[in-house]
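Have the sequence and the 3D view side by side, and let us walk through this model together. We will go from helices to a sheet and end with some ring contacts.

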Amino acid sequence: MATGIMCRRFAGRPCRAAAFSTTTKVGSKTVFFRKGEESTKKTCAGSKPAATLRLWKPPEYRVSFNPSAYPGTKAISYKEASRGLEDGPVESDYPRIGTKQFQDAYSFNCSRRLSSTQNTVLDLENNKAVPSQAFLTHPAKLDPVEDNEQAANVEAFDPKEDPRAFQKQRPEYRSLCYNQYELPPPISMEDGNKILENVTVLKSSLKPRIIAEYFFSLSCLPTKEHVSIKSSPRFAMLCRYGVENIQLFDIFELMMVLKAFIGLAIPPSHSMLKVYAAECCRRVWDMSLDQQLMVADLWRCLGHSVPRYLEIVLSYVNLHWKGLSLPQLVQLVYIIGEGRKAPEELMKKLDILMLKHLDSFNLEEVGAICLGFFKSQNGLSEHTMQKIGDKVSAHMADISTYALVNVLKMYRFTHVDHLDFLKQLGKVVPPLIPTIGIQGVMHITLACSALHYFDERIMNAVAASLPSRATYCRIKDVAKFLWSFGTLNYEPPNAEEFYASLEEQMYTKVHEFQDFPEHLPTCLVALAFAKRFPNDLIDYVLSPEFLKLSSKSKFDLQKDLFTLDGTVEIECPSYTGNRLAPQLRQEVAEMLWNSAKKDICMKLEVTEAVSLLGEMLGGPRYVKNHMVLPHTRSIDLEIRLDSNRKPLPFNSEATVKLEGLKESGVSLTDDLMNQLFSSRRSSQSPVDDCERKVEMCSQNTAAPPQEQSLSTWDHFAFSDGVPLTGAILNALTQPKASCDGPVPQLNELESGGMKLAVQVSTKSHYCYGSKRLLGFHNLKRRQLRQIGYVVIDLPFWEWFPLLRRSHSEKLSYLHHKVFGSLI
């Protein structure tokens with residue numbers, strides 16, 4: 001069935017048709033295609049898939065004006081705003097007035113020109129496409145699963161109300177923030193009409209004080225009357241007079257108007273709000289700090305971003321920060337968090353104040369401070385975090401779950417460990433998991449993962465609660481849950497049910513990956529930690545289409561895609577889907593290796609292990625420091641043994657270096673060789689003698705020169721002044737076969753031989769305070785074994801203390817680790 005639609009363009013006014021409903025007949029049924037859904041039907045082999053079609057809710061066709069389709073100019077003046085209110089709907093003048101583009105659709109329903117006495121219809125009642133972000137507007141609850149009203153109540157989260165719970169803790173906050181519960185009694189619609197009639201009578205003779213009072217009184221009308229009031233031409237006239245007189249308002253009147261806009265739920269995209277925001281910027285230095293914070297809070301409740309105003313306020317605060325009271329500090333940090341940025345210099349000063357007032361803060365205020373610092377991407381100092389941990393762990397049963405989650409966010413951000421806090425978390429949180437919203441549960445789980453803290457009680461409580469509530473998960477939540485369990489390398493008792501419920505949501509909400517592609521590789525890598533490989537999703541994420549989509553993400557997804565691709569190659573031999581291009585794999589591998597050479601390879605524990613293993617095995621050709629599996633993002637010290645368990649010189653790179661040294665070395669004459677060996681006892685090997693002399697030198701450093709014979713290994717002196725060092729001595733005493741001749745080929749080495757991968761592990765490879773390997777490193781060792789390597793671990797609790805011990809002790813330990821593990 002075909003449907004014809006005509007679109008009429010009005011003279012002098014551009015328009016753009018909105019998306020409309022589309023139906024298709026399938027048998028006797030009518031199928032509606034909604035946003036994000038795709039028809040996968042194909043009429044014949046090789047035909048193209050059907051395009052995505054969107055369902056438009058209104059039952060009838062209307063021509064809508066979409067301002068986002070048109071570019072705007074730079075700024076809005078008072079004159080332009082006034083003319084816009086007079087000549088037509090403010091929203092319909094977006095291209096001429098020039099404000100930030102908004103993805104909102106406004107219907108136009110009035111003529112282009114109206115006289116000043118008629119004014120204009122302020123088209124707010126048709127602005128349904130723009131969800132009002134005013135503070136009084138609560139978000140719709142999620143649809144409950146199986147009509148479970150209790151579960152729906154648990155999942156209800158008001159992002160405008162919950163972060164402000166701290167403001168109810170002290171009366172001092174009344175002068176710093178807007179309170180929707182402290183409004184005057186409502187007025188009747190009859191009183192509202194009288195106010196609007198007065199506007200038409202007084203017109204331009206309206207005084208600023210009267211304009212502010214009229215706005216505030218109209219905001220006290222019952223909510224159901226707001227739509228009709230805002231659609232009145234007389235209300236538009238009042239708005240115009242407000243803009244024209246804005247510079248005559250005093251600070252109190254300006255705040256009164258902003259409060260009225262909150263009560264009336266004026267859309268945050270309304271053009272006249274830019275005029276009020278500009279006026280607030282002009283008045284900052286005339287306000288007290290309380291007034292500055294109040295105005296900032298009013299803009300927050302309106303949902304209108306005012307970065308310039310906040311920048312000026314923070315400049316003021318930076319000069320007067322020492323005088324901040326406790327409520328002012330908390331409210332300021334809240335405002336900073338909602339604005340998402342602040343100068344680092346100021347945040348360090350606020351950290352000092354936080355520590356000063358910490359004993360006086362209640363737990364909700366502590367949570368608000370942590371959230372504000374977290375949202376602005378500024379961390380509290382380690383000392384402050386330790387004090388916060390002391391305070392919260394002592395009263396964790398009394399803190400709200402919202403405040404507790406905010407504290408955990410800051411611990412996650414700063415990576416500060418506080419053992420008492422974490423232990424108390426394991427006692428208090430598990431019974432509360434069913435009563436915490438799914439996003440809160442996600443943040444608790446993610447914090448444990450980021451801190452590498454494994455508590456089986458918390459993880460089991462989360463796993464038990466999640467399957468029945470998985471429907472409430474956003475795709476972000478699914479990714480974070482999978483990543484947390486995968487990182488901590490833990491499969492709960494109900495693993496099958498747990499993973500099945502999350503994988504189901506990945507398929508159900510696959511359309512969300514179009515907007516947030518970074519979450520799909522996270523999900524799949526985390527599933528790989530648990531040996532789970534959904535081939536169809538892997539095929540999609542490694543496809544050229546997804547690679548093109550991921551290039552638009554603000555996150556770099558190449559490393560995750562490389563990890564997934566390398567994992568599939570090893571662990572899914574039957575997989576036949578998409579793979580990354582060889583060139584891309586090579587580029588990412590080189591990037592990771594270059595990064596490792598500057599960081600991991602330079603660490604003392606690694607350089608010492610490489611040096612000593614080379615010395616123990618016969619030289620640098622016997623050990624290679626590289627990435628056996630580049631997609632696992634860490635290094636390995638590779639050793640190869642023949643069928644008799646003798647080390648093989650396979651490192652060709654070290655061979656090249658040795659050849660270069662031989663060409664520029666010291667010439668050895670018969671006379672020099674006679675001097676070297678004439679004083680050595682035949683019963684002693686060169687290496688044993690060297691070790692003994694090193695220990696003697698360290699014990700008797702003050703021995704007189706005449707007691708030091710030529711056999712002292714690093715103090716030989718000749719007439720030409722060349723010192724004989726340990727490195728030269730070892731090179732001289734090496735068997736000739738080990739220095740000359742070609743490096744054996746790979747197939748010769750693998751014939752009956754053995755490949756070893758030595759892991760120099762650190763604390764960051766294990767769960768906090770335990771020997772439980774994290775998911776990524778467990779994945780790597782699993783794959784090394786699958787491709788035929790014997791994995792040998794030098795755990796930090798054994799190897800790090802040895803770095804301060806004697807040379808012989810370290811050699812003995814490494815010999816035992818390498819050869820003792822093969823028995």
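Helices here are DSSP runs of H or I with at least four residues, numbered from the N terminus. With that in hand, find helix α18, which is followed by H452, a residue with a positive phi near 60°. Please keep in mind that this is a predicted model.

**The whole protein**

The secondary structure comes to 36 helices and six strands. Of the 823 residues in the protein, 48% are buried. Among contacts with a separation of 6 or more, 74% are between residues 24 or more positions apart.

| Helix | Residues | Length | Span, first to last C-alpha | Expected span |
|---|---|---|---|---|
| α18 | 438-450 | 13 residues | 18 Å | 18 Å |
| α34 | 775-786 | 12 residues | 16 Å | 16 Å |

The span of α18 is close to what is expected at 1.5 Å a residue, and the span of α34 is likewise close to its expected value.

How many of the residues of α18 are buried? The count is 12 of its 13, and the helix is mostly covered. Among the buried ones are I438, M442, H443, L446 and C448.

For α34, nine of the 12 residues are buried, so this helix is largely enclosed by the rest of the structure.

Strands of a sheet pair through backbone hydrogen bonds, either parallel or antiparallel.

Which way do β3 and β4 run, parallel or antiparallel? They are antiparallel, joined by three bridges, and H626 stands opposite D636 in β4. On the other pairing of β4, five bridges join β4 to β5, and these two strands also run antiparallel. To see this pairing in the viewer, look for I639 opposite L756 in β5, and for E638 with its bridge partner A757.

Why is β4 described as largely enclosed by the rest of the structure? Six of its six residues are buried, so the description follows from that count. Both faces of β4 are covered: D636, E638 and R640 are buried on one side, and L637, I639 and L641 are buried on the other.

**Rings and a charge**

The structure holds 20 aromatic pairs. In one of them, the rings of F166 and Y173 have centres 5.4 Å apart and planes at 85°, so the pair is edge-to-face. The cut-off behind that label is an angle over 60 degrees. F166 is buried, with a relative accessible area of 2%, and Y173 is buried too, at 1% relative accessibility.

F796 and F800 form another edge-to-face pair, at 6.5 Å centre to centre and with 80° between the planes. Both residues lie in helix α35 (residues 796-802), four residues apart, which is about one turn of the helix. Is F796 buried or exposed? At 16% relative accessibility, F796 counts as buried, because the limit for buried is under 20%. F800 has a relative accessible area of 28% and is partly exposed.

Ring pairs can also join up: F215, F235, F261 and Y276 are linked into a cluster this way.

Finally, a charge meets a ring. Which residue has its charged end over the ring of F454? That residue is R772, with its charged end 4.2 Å from the ring centre.

Methods:
Residues numbered from 1 in each chain as written. Predicted model: local features only at pLDDT ≥ 70, side-chain atom pairs only at ≥ 80, totals over all residues. Heavy atoms only, no water. Phe/Tyr/Trp six-rings, centres within 6.5 Å; stacked < 30°, edge-to-face > 60°. Buried < 20%, exposed > 50% of the residue type's maximum accessible area, 1.4 Å probe, protein only. Lys NZ or Arg CZ within 6 Å of the ring centre and 35° of its normal. Expected span 1.5 Å × (residues − 1). Pairing = 2+ DSSP bridges. Contact = heavy atoms within 4.5 Å.
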